[in-house]
Amino acid sequence: MAYKSLDSITRSDIEALGISDDVSYKLLRDLDDIIRNHGSATPPERWIEISRRILHPDLPFSFHQMMYYGCYKDFGPDPPAWLPDTKVASLTNVGGLLERRGREFLGDNYENPISSFSSFQEFSVSNPEVYWRTILDELNILFSVHPKCVLEKDASGDNPGGNWLPGAYLNPARNCLSDSSKRRSDDVVIRWRNEGSDDLPVKTMTLLELRSQVWLVAHALNALDLAEESAIAIDMPMNVESVVIYLAIVLAGHVVVSIADSFSPREISTRLKISKAKAIFTQDEIIRGDKSIPLYRRVVDAEAPLAIVIPARGSLVRVNLRENDLSWNEFLGKARNLRGVEYIAVEKPAGASTNILFSSGTTGEPKAIPWTNISPLKSAADAWCHLDIHQGDVVAWPTNLGWMMGPWLVYASLINGACMALYNGSPLGSAFAKFVQDAEVTMLGVIPSIVRTWQNSNSTSGYDWSRIRCFGSTGEASNVDEYLWLMSRAHYKPVIEYCGGTEIGGSFVTGSLLQPQSLAAFSTAAMGCKLFILGDDGNPLPPNVAGVGELALSPHMFGASSTLLNGDHFKVYFKGMPTFQGQILRRHGDLFERTSKGYYRAQGRADDTMNLGGIKVGSVEIERVCNSVDDSVLETAAIGVPPPSGGPEQLVIAVVLKSPELTNHDDLNLLKKSFNSEIQKKLNPLFKVSSVVTLPSLPRTATNKVMRRVLRQKLTQTGLNSKL
């Protein structure tokens, strides 16, 4: 859609969006006032003024778009949707640190938190000893034995990532549960609500109550007589009980095995066998609305070891248990005499395992990735530095302990003295939106597909999200219009994009509240990380040069993996990679663009790259254009398909429509023409869509990533039919 510049917008343009006469008169008057009084303002400054003075969630989103695109007409790429405020920059975690010690770190080059942030990020890479000691102090991390240094580099080449915090002993769960300058025992650290209880007050748990429950579960674990550092699985929704269990396993010195509650018996069994788990915590069932999903049955079918079964509702388990399995009450009864007795944390070396997580495993066996005692510190540090989580915040992020964002949420909130908000139910509907309001969430994490569902169903309408300070987004590439809509729900608070991986323990590229944030883009490498875009010759592009290529990482990343349980870590992440200044780079596998204005944009996996007429392009780049072509389109997947007789790849767009009735040949031809027009205008005039096929939904992994390989295989086998 072509938008007018702000000074060309008329009252009739506004009324055409369904806005009443009197409201449209006031909106145009306020807009004219901003244009008149801020004539010399830059487009970003003018946009911020409009977003603060004119826009609010009750106005049609089409008017928000009119203002945004009108403000940035002819601006070029990467228009910022949010700007840092110099008046409050020093109130952020990093801003406050730089105000106190910026000159110590950066010398005379230090100016202020906003203009000096990029220099501080570079400092975090070149001075890991100073930087990480500073951050660990800011986080109040407790060590029973302090490290002899921060990073011990490996001269042999066997471990390119080096040895972090050598000699240190600690327990991450202890750091979650201890009183500190960030919190007191009577502070609320968990707020939660069960689906179906949406009209009841939000439930709360204080640090004192959480600590007491974790101690009790840890004592009960001791009564099971498991060997030291046993692998113990959790296959449950992310609720209060699973968080308590997670912390207790870690506090007792055992190793959590993370299993998503959506997995089939076969997938559960695979993970139990790889990890050699000795026990598993699960629920009798999962209740979603009027449906009951038999979770314990899946665990039994997976031939799991000893199972401790928690009731989904009430105090009694609703299923018959196998011989030797324990109900939650029976398990806790083993430590009934120790209720309220402190459990002394088991301190382990920094490099000892604390959690075994798994990659998606869309093809073959999933990679088993051990998190060490350092990985939780990376998660907490990212939250402190980039999402600005601190005491008083309420952090919600719909996730599961089976995926890295589950443990991340535990450590990111509790170590930083914040409160986590858990909704035990589906995050897709209005009940979750109400919970965000009622729990007074200040940092809301999302994945793009959830945002798409909220927008299409209008499920957030009528709920007050004004307490939100920022959003976080991860999991897949986001969409500009969907995230403009998301920001509009909370009066244009920023979205901090957050991209990393299970093997990273957090992010490698993200955003900052000290930098302008452009929609669907990353503004900075994560603190302590250095990024490289590999050119066509496989070597890094020069620093700060725009380009597209496979992303590589500096080998020295705090919290990143150094081993795999079921694979050759060096072969997976380092073998065959180029070097930079004598250091072999770490493979990641994503395709990234570095823009002319210094932002980064994810383009999907490197193996989702297409070669169209000799030009490399990522699927996500094409999908961003196609998703906004027509209101009938819910989402798309761009696939490069080799023709049966050989030759260059043909571009096929798989489309999921909001209304499946739009499937006749003429309509699809019109859609194909629209796709071609927009792709050729916005990306490259040589790109051409060969075919459009419709799907009821896109195939996805359990972590919601689109499986384009599956689509490519189907299209290659079946030909370019209009339906799959």
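Helices α14 and α15 cross in a right-handed way (the near helix is turned clockwise from the far one by less than a right angle). This is a predicted model, where local features need pLDDT of at least 70, side-chain atom pairs count only at pLDDT 80 or more, and totals for chains, interfaces and linings use all residues. Residues are numbered from 1 along each chain as its sequence is written, and side-chain values use heavy atoms, leaving out hydrogens and water.

On the α14 side, P376, S379, A380, D382 and A383 touch W408, Y411 and A412 of α15 (contact means heavy atoms within 4.5 Å). That set splits into six nonpolar, one polar and one charged residue (Ala, Val, Leu, Ile, Met, Phe, Trp, Tyr, Cys and Pro are nonpolar, Asp, Glu, Lys and Arg charged, the others, Gly among them, polar).

Here's the geometry, with axes fitted to C-alpha atoms over the stretch in contact and angles running from 0 to 180 degrees between N-to-C directions. Helices are DSSP runs (H or I, at least four residues), numbered from the N terminus.

| Helix pair | Axes come within | Crossing angle |
|---|---|---|
| α14 (residues 375-385) and α15 (residues 405-414) | 8 Å | roughly 60° |
| α2 (residues 21-37) and α3 (residues 43-53) | 11 Å | roughly 150° |

So α2 and α3 are roughly antiparallel (angles over 145 degrees), and their crossing is right-handed. D30, L31, D33 and I34 in α2 meet R46, E49, I50 and R53 in α3, giving three nonpolar, no polar and five charged residues.

As for cysteines, the whole structure has zero disulfides (sulfur pairs within 2.5 Å). C176's nearest cysteine sulfur, on C419, is 13 Å away. C176 is buried at 0% relative accessible area (buried means under 20%, with a 1.4 Å probe and protein chains only), and C626 is buried at 0% too.

Notes: Helices (H or I, at least four residues) and strands (E, at least two) are DSSP runs, numbered from the N terminus. Angles under 35 degrees count as roughly parallel, over 145 as roughly antiparallel, 65 to 115 as roughly perpendicular and the rest as oblique. Buried means under 20% relative accessible area, exposed over 50%, partly exposed in between (1.4 Å probe, protein chains only).
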